[in-house]
Amino acid sequence: MMHPRFDIDLDKHYNATVVIACVDCGHESRHHLKTLSPDHSLRCKCGSDISLTATGIMAAQRRVSELKQSYRVV
Ligand SMILES: [Zn+2]
């Protein structure tokens, strides 16, 4: 299974948005981390599945806490 690449964005209220790049067309979709779940499949507008696995979501959550630490928000 292909793992989509993703990036994390924090807004000024430190809500995390996950930016997921489609492996097929490169289009980036933004999703609130809170709304992501491994059981919920996400589709790119090209029709590709860009869902994150449970492992991917955990990696995203870890990245968010690292970012918050670097902003000194805990
Ligand atoms: Zn796509």
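Helices here are DSSP runs of H or I of at least four residues, strands are DSSP runs of E of at least two, and both are numbered from the N terminus. With that in hand, just after helix H1, Arg72 takes a positive phi of about 60 degrees.

Some bookkeeping. Residues are numbered from 1 along each chain as its sequence is written. The model is predicted, so local features need pLDDT of at least 70 and side-chain atom pairs count only at pLDDT 80 or more, while totals for chains, interfaces and linings use all residues.

Now the overall layout. The protein has 1 helix and 3 strands, and their order along the sequence is β-β-β-α. Its radius of gyration is 12 Å, close to the 11 Å that the globule rule gives for 74 residues, so the protein is as compact as a globular protein of that length. That radius is taken over C-alpha atoms, and the rule is 2.2 Å times the number of residues to the power 0.38. Along its principal axes the C-alpha trace spans about 40 × 20 × 15 Å.

Next, the strands. Two strands pair if DSSP finds at least two bridges between them. E1, residues 5–10, runs antiparallel to E2, with 6 bridges joining the two; one of the pairs is Asp9 with Thr17 in E2. Between E1 and E2 the hairpin has 5 residues, and Tyr14 in the turn has a positive phi of about 65 degrees. E2 is also antiparallel to E3, residues 28–32, through 5 bridges, and Val19 has Arg30 in E3 as its bridge partner. The hairpin of E2 and E3 has 6 residues between the strands, where Gly26 takes a positive phi near 80 degrees.

What about burial? A residue is buried if 20 or more other C-beta atoms, placed from the backbone, lie within 10 Å of its own, exposed at 12 or fewer, and partly exposed in between. Of the 74 residues, 11% count as buried. The largest nonpolar core has 7 residues: Phe6, Ala16, Val18, Ile20, Cys22, Ile50 and Leu52. Such a core is a set of buried Ala, Val, Leu, Ile, Met, Phe, Trp, Tyr and Cys residues joined through C-beta atoms within 7 Å. Strand E2, residues 16–21, gives the most to this core, with 3 residues. The covered face of E2 holds Ala16, Val18 and Ile20, and the uncovered one Thr17, Val19 and Ala21.
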